[in-house]
Amino acid sequence: MKAEEVALLERFVLDNPDLERLEAILDEFNPFVAMRWTRQETRHSCFLRWLLDPSETHGLGPYFLRQFVKYIASISNQPASLSVVDLDSWSYMTTQVLTEWNNIDLLIRDDTHKLIVLIENKVDSSEHSDQLNRYRSLIEKQFPQHHKFLVYLTVDSEIASDGAFIALGYPDLIRLVSDTIKRRQDQMHPSVSAFMESYVEMLRRHIVEASEIQTLCEKIYKTHRRALEILFEYQPDRASELKDYLIGLIGNVAHLQADYSSKSYIRFMPKSLDFLPLHGEGWTLSKRMILIEIDQSGGGIKLKLLLGPGRQETRKRIYAFISKQPTVFNRAGTKYYPRWWSFHSENWVTKKEYDENDIEDLKQRISARFGEFITGELRQMVKVIEGLRGESWD
């Protein structure tokens with residue numbers, strides 16, 4: 001790093017009251033921030049589902065659901081099929097609130113009153129693959145006799161590409177939740193109202209456009225733009241950080257041996273299987289023919305057991321043995337290929353989870369799944385492969 005770059009970073013961290021204020025805000029305890037919910041759409045949807053469901057533990061019954069549906073009806077630009085008075089008079093005690101129904105973020109379904117409310121929730125992402133039109137078509141087909149409100153919930157009340165959707169912003173949600181706390185304070189347990197207040201505070205500070213955090217970040221960026229660019233230039237990317245984390249997990253298990261790894265492919269093997277012939281070619285310097293590979297090249301994380309390139313006679317004998325073990329290796333019955341044959345595969349993290357989840361959440365998920373694999377499936381796999389011990393390979 002050049003001397004002028006070091007000087008810029010020193011200026012950035014010395015006597016920077018805006019940075020100190022930002023750090024103070026971020027250091028204040030908030031359960032939603034602590035659980036890294038801030039930018040996770042699925043988690044915001046889960047909170048909203050909890051609040052909308054009359055049977056949930058908040059003790060509000062249908063109050064918030066009624067207020068929400070009435071507000072949606074009041075701002076809808078579609079011909080009114082239901083009045084706010086109608087919606088206010090219903091009991092809502094049989095209403096279901098579902099998440100991820102046919103990939104729809106939230107679905108409110110009341111068959112008693114023939115009501116459907118579809119909510120598509122966006123925090124950082126935007127529309128894709130004509131999804132709103134597809135969701136509307138699905139709802140119209142599945143519930144032809146129901147009254148329908150289609151809601152597009154975004155940070156700043158973005159207008160949807162499909163004109164049938166009602167634009168709803170997170171500031172609207174803040175008002176609805178805050179009003180509920182104010183009007184039903186005595187009805188709720190103190191822990192519930194504190195929970196809801198924490199959610200509102202998190203939205204104000206981290207989500208909505210006029211948040212204090214956003215204002216501070218904009219000011220810091222304008223003043224220290226070059227220093228931030230230097231920090232961004234040297235920061236590790238997600239794949240590199242997870243590679244280092246996975247290599248650390250492997251290194252902490254005494255009976256595992258790390259093999260050649262790249263940012264996208266992290267490879268290892270149990271030391272007890274080093275009796276297998278070293279007939280590999282053009283793969284790793286260890287010349288191992290079988291390796292366990294954690295693959296993050298496609299944006300998600302998969303675990304694979306691979307038979308790599310090498311001496312064909314040896315490969316075919318290993319293939320013939322493993323192909324007879326479909327109860328242990330889930331791809332044992334797949335077609336044999338002369339260079340790469342994947343005979344076991346597990347999806348550990350989906351692409352959506354990989355892209356949207358906080359890095360610390362990913363590490364926890366990976367650590368848990370890695371531990372389960374090492375103490376569970378791998379033991380059985382090693383026991384089976386031990387059946388090749390004593391074979392003559394030369």
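How many bridges join β8 to strand β9 (residues 301-307), and in which direction do the two run? Six bridges join them, and the strands run antiparallel.

Some ground rules first. This is a predicted model: local features need pLDDT of at least 70, side-chain atom pairs count only at pLDDT 80 or more, and totals for chains, interfaces and linings use all residues. Residues are numbered from 1 along each chain as its sequence is written, and side-chain values use heavy atoms, with hydrogens and water left out.

1. **The β8 hairpin.** Helices (H or I, at least four residues) and strands (E, at least two) are DSSP runs, numbered from the N terminus. Two strands pair if DSSP finds at least two bridges between them. β8 and β9 form a hairpin with five residues between them. Gly-299 sits in the turn, with a positive phi of about 100°.

2. Ile-266 has Ile-294 in β8 as its bridge partner.

3. **Burial of β8.** Buried means under 20% relative accessible area, exposed over 50%, and partly exposed in between (1.4 Å probe, protein chains only). Six of the six residues of β8 (residues 290-295) are buried, so the strand is largely enclosed by the rest of the structure. Ile-290, Ile-292 and Ile-294 point one way. Leu-291, Glu-293 and Asp-295 point the other way. Note that Glu-293 and Asp-295 are among the buried residues here.

4. **His-344.** This residue is found in strand β10 (residues 341-349). His-344 counts as buried because its relative accessibility is 5%. Its side chain makes a polar contact with the side chain of Glu-346, at 2.9 Å. A polar contact is a pair of N or O atoms within 3.5 Å; within protein, one must be able to donate a hydrogen and the other to accept it, and residues adjacent in sequence count only if both atoms are side-chain atoms. Contact in general means heavy atoms within 4.5 Å. Not counting residues up to four places away in sequence, His-344 touches Leu-303, Lys-304, Leu-305, Val-328, Phe-329, Asn-330, Arg-331 and Met-381.

5. **Aromatic pairs.** Rings of Phe, Tyr and Trp (its six-membered ring) pair if their centres lie within 6.5 Å; planes under 30 degrees apart count as stacked, over 60 as edge-to-face and the rest as tilted. By this rule the count is 14 aromatic pairs. Trp-90 and Tyr-92 have ring centres 5.8 Å apart and planes at 55°, so their pair is tilted. Both Trp-90 and Tyr-92 are buried.

6. **Tyr-319 and Tyr-336.** These two form a tilted pair, 4.7 Å centre to centre with 50° between the planes. Tyr-319 lies in helix α13 (residues 312-322) and Tyr-336 in the loop between α13 and β10, so the pair ties together parts that are 17 residues apart in sequence. Tyr-319 is partly exposed, at 24% relative accessible area. Tyr-336 is buried, at 17%. Ring pairs link Tyr-319, Phe-329, Tyr-336, Trp-341 and Phe-343 into a cluster.

7. **The largest nonpolar core.** A nonpolar core is a set of buried Ala, Val, Leu, Ile, Met, Phe, Trp, Tyr and Cys residues joined through side-chain atoms within 4.5 Å. The largest one has 47 residues, and Ile-119, Phe-149 and Met-196 touch the most other members. Elements giving two or more residues to this core include α4 (41-52), β3 (115-121), β4 (147-154) and α9 (190-206). The largest share, seven residues, comes from α5. Beyond its neighbours within four places in sequence, Phe-149 is in contact with residues including Val-69, Ile-72, Leu-118 and Ile-166. Apart from this core lies another, of 46 residues, among them Ile-250, Leu-276, Val-328 and Ala-332.

8. **Helix α2.** Asp-18 lies in helix α2 and counts as buried at 18% relative accessibility. Leaving aside neighbours within four places in sequence, Asp-18 is in contact with Leu-216, Lys-219 and Ile-220. Arg-21 is also placed in helix α2 (residues 17-27), and is partly exposed at 32%.
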